[in-house]
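Colleague: Please show me the structure. Then take me through how the inside is packed.

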Amino acid sequence: MKVKWKTVTTEAKLLLIGIPLFLWTIIPVYHLFLFAISPKDQATTGKLWPDHPTLKNFENVFGQKHFYLDHFWVQLGNSVLIAVAVAVITLFIATSAAFAISRLKVRGGRTVMNLALFTYFIPAAFLAVPMYKTMGNYGLLNNQWALILAMVTIASPYSIWVLKQASDKLPYELDEAAKMDGASPLQLFRLVYMPLMMPSLVAIGTYSLLLAWNEYLYAFLLLSNDKQITLGVALGNFLAADDSPWELLMTVGVIYALPPAADVSAVPLSCSS
């Protein structure tokens, strides 16, 4: 079969653009890993590969053998707990709202959705101080629920909009058939709506989980106790001194990046199944 010249040139152009972009993206990740496996005296030598690679840094992190790492496992647990809680609560709110607006056609539902989406256009950084004041009024400062509620507030508008759009594409004949068989709205939601919406739910769950996992500003503002903060905020504490242990900082960074990488790689598998 004859290969078209236009197809070849198009693929060549894509490679010429894609390879530099890939290298630009992967080089910082490579240096992150390079620091993590380098001894302290070789971490900043500029070599492309350390003379004596070591896993000692991971041993020090897992064993909490530095005062910056006194609460490493607690802070990692905080990050996991907060991210999972945000994902679960966001999914519950967004799924229920999208079902009510799209399938039950509740009165004023579209207005509520538009207002929720409008809030998404306000940058999250602009709401940081009002959110801090609100949490202070309710006595939630330095409480993990403050960060969970703040992140749910940020994640929910977009999640509702996405799930509503996905719900609109489902055939209404399924709802009518279920109602003719005597299904209640709750049964319709559980037996018809949820299974068909599963790919969208996986995507939104991943979005809200990663949003909470990677959050720094709100976590820094709302949490201050070393046993309450997330691992992302704890990473920032490494920069408090002039002689920061860069090799340990990068090692924690590698560990902190693994759950999102695993989560993102698992999404296509979950959606396809």
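Modeller: A nonpolar core is a set of buried Ala, Val, Leu, Ile, Met, Phe, Trp, Tyr and Cys residues joined through side-chain atoms within 4.5 Å. Buried means under 20% relative accessible area, with a 1.4 Å probe and protein chains only. The model is predicted: local features need pLDDT of at least 70, side-chain atom pairs count only at pLDDT 80 or more, and totals for chains, interfaces and linings use all residues. Residues are numbered from 1 along each chain as its sequence is written, and side-chain values use heavy atoms, leaving out hydrogens and water.

Colleague: Which residues touch the most other members of the largest nonpolar core?

Modeller: This core holds 41 residues. Those touching the most other members are Phe 72, Tyr 218 and Val 252.

Colleague: Which element gives the largest share of this core?

Modeller: Helices here are DSSP runs (H or I, at least four residues), numbered from the N terminus. Those giving two or more residues to this core include H3 (72–102), H6 (144–168) and H12 (246–272). The largest share, 7 residues, comes from H6.

Colleague: How do H4 and H6 lie to each other, oblique or parallel?

Modeller: Axes are lines fitted to C-alpha atoms, for helices over the stretch in contact (heavy atoms within 4.5 Å). Angles run from 0 to 180 degrees between N-to-C directions; under 35 is roughly parallel, over 145 roughly antiparallel, 65 to 115 roughly perpendicular, and the rest oblique. H4 (residues 109–120) and H6 pack at about 130°, with axes 8 Å apart. H4 and H6 are therefore oblique.

Terms used: Buried means under 20% relative accessible area, exposed over 50%, partly exposed in between (1.4 Å probe, protein chains only).
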